[in-house]
Structures are given as C-alpha cells and as structure tokens.
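Colleague: I'd like to learn how to read a model like this one. Could we start with the charges?

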Amino acid sequence: MEILQNLHSYFAYIVLAVLVLAVFNALGGWLGKRDFTMHKDLRVSLFALILSHIQLVVGLILFFVSANGLKAIQTLGMGGLNAPARLLALEHPFTNIIAIALITIGWSRHKRLMESTKKFKSIAIFYGLGLLLILSRIPWGQWFG
C-alpha cells in the first residue's frame, strides 16, 4: 500500500512536468502559428495523455484500497470528514477524473482537426484546463508539510 502511495505521489511530479511542457508547447505552437509536427508536438501531447491516464489508474486503485479514500467515506460519512480528509477522499479524485476527461477531450479533438493552429489550440485549452484542475486539488500540505 505504501509503495502504491509513494508511486502516486512521486509520479505526480513527472506527470505535472510533462503536462506543463505539453501546455506550453501547444501555446507556443498556437500563438506562434507553427506547423504541428508528428515528431515533436504529437509525441509531447501523447506522452502527457498517457502519463496522466497511468496516474489516474494508480489513483483510482488507491481510492478503493486506501484508508483515505472510499473507506474514509464509508467509515465517517460525508459529514464526518474534515477538510483534509474530504480533499483526499472526495475532491482530489473527483476533480482529477474531470481533469483527465478534459485532457482526453483535447487529445480526441486535435486528432479530428487538420489545421495546425486549431490542433494546438485544442490541446492548449483542454490540457491547460485539466492542468489547472489538477493543480487546484493537489494535497499540497502532504507534499510540503
């Protein structure tokens, strides 16, 4: 269990770094009117998508087996959770599922578009929104506390 929690915590740094890279790459391509390349732009975006999905799967496993997830809700009830417990048991998983859905939508939309500017725009907007949601629900107190 502790190995899984450490994996989820430390892998998050990699996922965040790659997501930030993908967002800035897409913003640069969109605003700079660059051509969308399969060699760089596609790979950065795809790598961010894959890593975020892996992180989500690890997080969902933790939600169902950890004492801080579903078991906390079942034991204490929704009204019995204090703010840090509610963040871990409810807000963090729910918000991150929405974030990964947005990232997936951005990836799916970009595949259907032909113009490079529109591809970059789709990735920048949806990956950016997903990144903001993820950053909003990271348990910062555990990371730096």
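Modeller: Lys and Arg count as positive and Asp and Glu as negative, with His and the chain ends not counted; each charge is placed at NZ of Lys, CZ of Arg, CG of Asp or CD of Glu. Here the protein chain has 13 positive and 5 negative charges, and their mean positions are 5 Å apart. Keep in mind that this is a predicted model, where local features need pLDDT of at least 70, side-chain atom pairs count only at pLDDT 80 or more, and totals for chains, interfaces and linings use all residues. Residues are numbered from 1 along each chain as its sequence is written, and side-chain values use heavy atoms, leaving out hydrogens and water.

Colleague: How many helices and strands are there in the protein chain?

Modeller: Those are DSSP runs numbered from the N terminus: helices are H or I with at least four residues, strands are E with at least two. This chain has 6 helices and 0 strands.

Colleague: Where does Ser 66 lie, and why does Ser 66 count as buried or exposed?

Modeller: Buried means under 20% relative accessible area, exposed over 50%, and partly exposed in between, using a 1.4 Å probe and protein chains only. Ser 66 sits in the loop between α2 (38-65) and α3 (70-76), and it counts as buried because its relative accessibility is 6%. Across the 145 residues of the chain, 41% count as buried.

Colleague: And which residues does Ser 66 touch?

Modeller: A contact means heavy atoms within 4.5 Å. Leaving aside residues up to four places away in sequence, Ser 66 touches Met 1, Gln 5 and Lys 71.
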